[in-house]
Amino acid sequence: MASHHPIPLIILAGSDPEPAALPEAGAGLHPIKGAKGMDLRIGGRPIIDLLLERVKESGCFDPVYIAGPTRVFGESRNGALVIDTNSTFGKNIEVAVTAVAPLSPDGIVAVTTCDILPRGDELRRLMEDYYQHAPLDFWAPLILAPERPTEMGASAWKPKYRIQPTPEAEPATLLPGHFVLADTNAVRLPLVYRTFDLAYRSRNRGVLYRLWLIVTHILVGLVVQDIKHILAFRQPDLTATVITNGVMMGFHLKDGVVTSEEMAERLRRIYVSYKHRKRYPDRKGRLPLMHALSMAKDIDTEEEAREIARELG
């Protein structure tokens, strides 16, 4: 891999007091709760230690931060500083980004979760796509599901989405990649925090349910922001922009008739400030479709934990 300066990485490692609700496909499985980063052990070792080793092996990220409770992880762990937070998913992101973004020379910050175990070479290969297309307002790989469902093993229950690589192509089956890289100077951070909070609360649910939950909960906040825009003699178009693009994207995603490029553009209109888009009209967001199954197999259940333990010997 060509030489590129490392990017700050935040590993979200708060605790879940309650186990996640699983869809019908996950009936009979046993969801995990607690501070997975430490409580979930593979071969007797906390998963956070295995993940930190793989992140270091990739050579793509520095410094690395753990966003989680210091009472669990300490002040630092294996070279990663701990940002003390143990609130909701969105609040944990907010606390971590607020601490890390000012330290990033260009405002670029990467965020992932503590319950995946991507290989170092897989991380490097993914990051090559980012470096090839940078600068970007945001970048989040979508993971191509294997053609044979049995390859998903204990993770076969996870929700999947249908997205077209191009307008002419047949839809591909995809899984979320649990990795986001964003320019914190470009995005509407309060909206990002609120959306991630709601998205995490409704994880493992259908597209339309998640869309309804997110739209109804952020609508009032958007209207308030537009009122502030009117008082400041600015165009009050935030509500219309966010709701229109969010609803259109949600329905197209449900029907499998959205391309990754359309999704990226709609997300840019929703989450990237108008001021930034006007200043950098040629910048984009990017949602590449990539093969990297380990990025999609987050460990939500006891069955998945046992399977990954067997795979690692």
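Strands here are DSSP runs marked E, at least two residues long, numbered from the N terminus. This is a predicted model, where local features need pLDDT of at least 70, side-chain atom pairs count only at pLDDT 80 or more, and totals for chains, interfaces and linings use all residues. Residues are numbered from 1 along each chain as its sequence is written, and side-chain values use heavy atoms, with hydrogens and water left out.

Back to the sheet. E9 (residues 142-144) and E14 run parallel, joined by 2 bridges. To pair, two strands need at least two bridges in DSSP. The open sheet has 4 strands, ordered E10-E11-E9-E14, with mixed pairing. Which strands stand at the edges? E10 (161-163) and E14 (289-290) do. Each has a single partner strand, so one side of each lacks a neighbour in the sheet.

Next, Ser 260. Ser 260 sits in helix H9, residues 260-271. Helices are DSSP runs of H or I, at least four residues. Is Ser 260 buried or exposed? Its relative accessibility is 13%, so Ser 260 counts as buried. Buried means under 20% relative accessible area, exposed over 50%, partly exposed in between, using a 1.4 Å probe and protein chains only. Beyond neighbours within four places in sequence, Ser 260 contacts Ile 163, Gln 164, Pro 165, Leu 287 and Leu 289. Contact means heavy atoms within 4.5 Å.
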